[in-house]
Amino acid sequence: MSADELRLSDWLFEASARLTRAGIDSPVIEAQLLASGVLGWSRSEVLTRGDQRVERALLDALLERRLAREPIAYLLGRREFFGLMFEVSPAVLIPRPETEFLVEAAVQWVRKDPSLARIVDVGTGSGCIAVSVAHRLPLPVVAIDVSAAALAVARRNAEALGVTIEFVEADGIAWLESALPTDLVVTNPPYVGFSDPLEPEIRDYEPSIALFAGVDGLDFYRRLARIEPRPPLLMEIGWGQDAAVAGLFESAGWRHIESWRDYAGIVRVLGFRP
Ligand SMILES: C[S@@+](CC[C@H](N)C(=O)[O-])C[C@H]1O[C@@H](n2cnc3c(N)ncnc32)[C@H](O)[C@@H]1O
């Protein structure tokens, strides 16, 4: 074995220990995922091929970036969402499991209301919501983002996952002036307040435009509550924002129709109609 080579199982042991000391959650799984990214193997191959000799340099380079708190999804360039694998880059928010509740809510609303003819995803980012609803529902989907770099990633995801979506680079709120009464608008907008505490993975690496919405995180909702015409609307909200967001929309004359909670009982999605 050359000096630069070691057994994969030894590297995994060292890497897990360093990730643990750095306070990173799930260090064993993260070490396996880093190895799978470098070696191009599945995680189960990494687990069963521990005796294999591997080059230390490439593995260590990725480990150092993770120790500097770069999110693992950016290091691997992918993240699973709603059972589909999405390309991600630092141009897009990393899809979160809680956003799957928004996709479920959209599927339920469309099944209950046959008059809905199109879905409009405002702030599409990686395209995870738009692509997932396009996979589940036979309706046209429009996906809007103000970031050209995010749209490039979303377009590649739609193509790779075999769905047709109309992508629009625009301010989503301004675009909604051309929304139709038969559109269902879905959005996971920026909803973090400027001084909210954030993990370094989020604060230092995810795009600010995807995160921040004013001092209290509610600026995007304030703009959305004032749009005309008013389509049916499903929105993801941040932890503890349900009363404030419902109040904003109700005082602007919207009807609060439904709330969806996650498995911890936290309200994640609100549904409104004009
Ligand atoms: C929280 S991220 C959500 C991304 C993706 N939909 C998801 O759920 O993972 C918000 C997205 O909204 C976009 N965005 C922010 N302000 C916008 C605006 N005024 N109009 C359209 N898109 C906007 C950002 O570029 C970002 O991609």
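Start your tour by selecting S26, which you will find in the loop between α1 (8–21) and α2. As you look around, keep in mind that this is a predicted model. S26 is not a glycine, yet its phi is positive, at about 50°. Why stop here? Most residues other than glycine have a negative phi.

**Next stop: the second largest pocket**

Which residues lie nearest the centre of the second largest pocket? Select E30, R66, I72, A73 and R79 to see them, out of 22 lining residues. If you colour this lining by class, you will get 11 charged, nine nonpolar and two polar residues.

**On to the ligand**

Now select the ligand. The space it takes is the largest pocket. Show the residues around the ligand, and you will have 19 of them, with G123, D145, D171, G172 and N188 coming nearest. By class, this shell holds 10 nonpolar, seven polar and two charged residues.

- D171: here a polar side-chain atom lies 2.6 Å from a nitrogen atom of the ligand.
- T124: this time look at the backbone, where an N or O atom is 3.3 Å from a ligand nitrogen atom.

How much of the ligand's accessible area does the protein cover? On its own the ligand has 600 Å² of accessible area, and the protein covers 95% of that.

**Step back to the largest pocket**

Hide the ligand for a moment and look at the space it takes, the largest pocket. About 930 Å³ of space lies in this pocket. Its lining is made of 47 residues, and those nearest its centre are P189, P190, Y191, A210 and L211. Select α7, β6 (141–145), α11 and α12 (219–225) to see the elements that give two or more residues to this lining. Colouring the lining of the largest pocket by class shows 27 nonpolar, 11 polar and nine charged residues.

From α12, follow the chain into the loop between α12 and β9 (233–236), where you will find P229. Is the peptide bond between E228 and P229 cis or trans? This bond is cis, with omega at about -10°. Most peptide bonds are trans.

How values were computed
Residues numbered from 1 in each chain as written. Predicted model: local features only at pLDDT ≥ 70, side-chain atom pairs only at ≥ 80, totals over all residues. Heavy atoms only, no water. Near = heavy atom within 4 Å. Polar contact = N/O pair within 3.5 Å; in protein donor to acceptor, adjacent residues only side chain to side chain. Areas by Shrake-Rupley, 256 points an atom, 1.4 Å probe, with all protein chains shown as cover. 1 Å grid on protein atoms, 1.4 Å probe; cavity = no way out; pocket = protein on both sides within 12 Å on 5 of 7 lines; lining within 4 Å. Sits in = over half its atoms within 2 Å of the grid points. Nonpolar A, V, L, I, M, F, W, Y, C, P; charged D, E, K, R; others polar. Points joined across faces, edges and corners; volume = space filled by probe spheres on them. Helix = DSSP H or I, 4+ residues; strand = E, 2+ residues; numbered from the N terminus.
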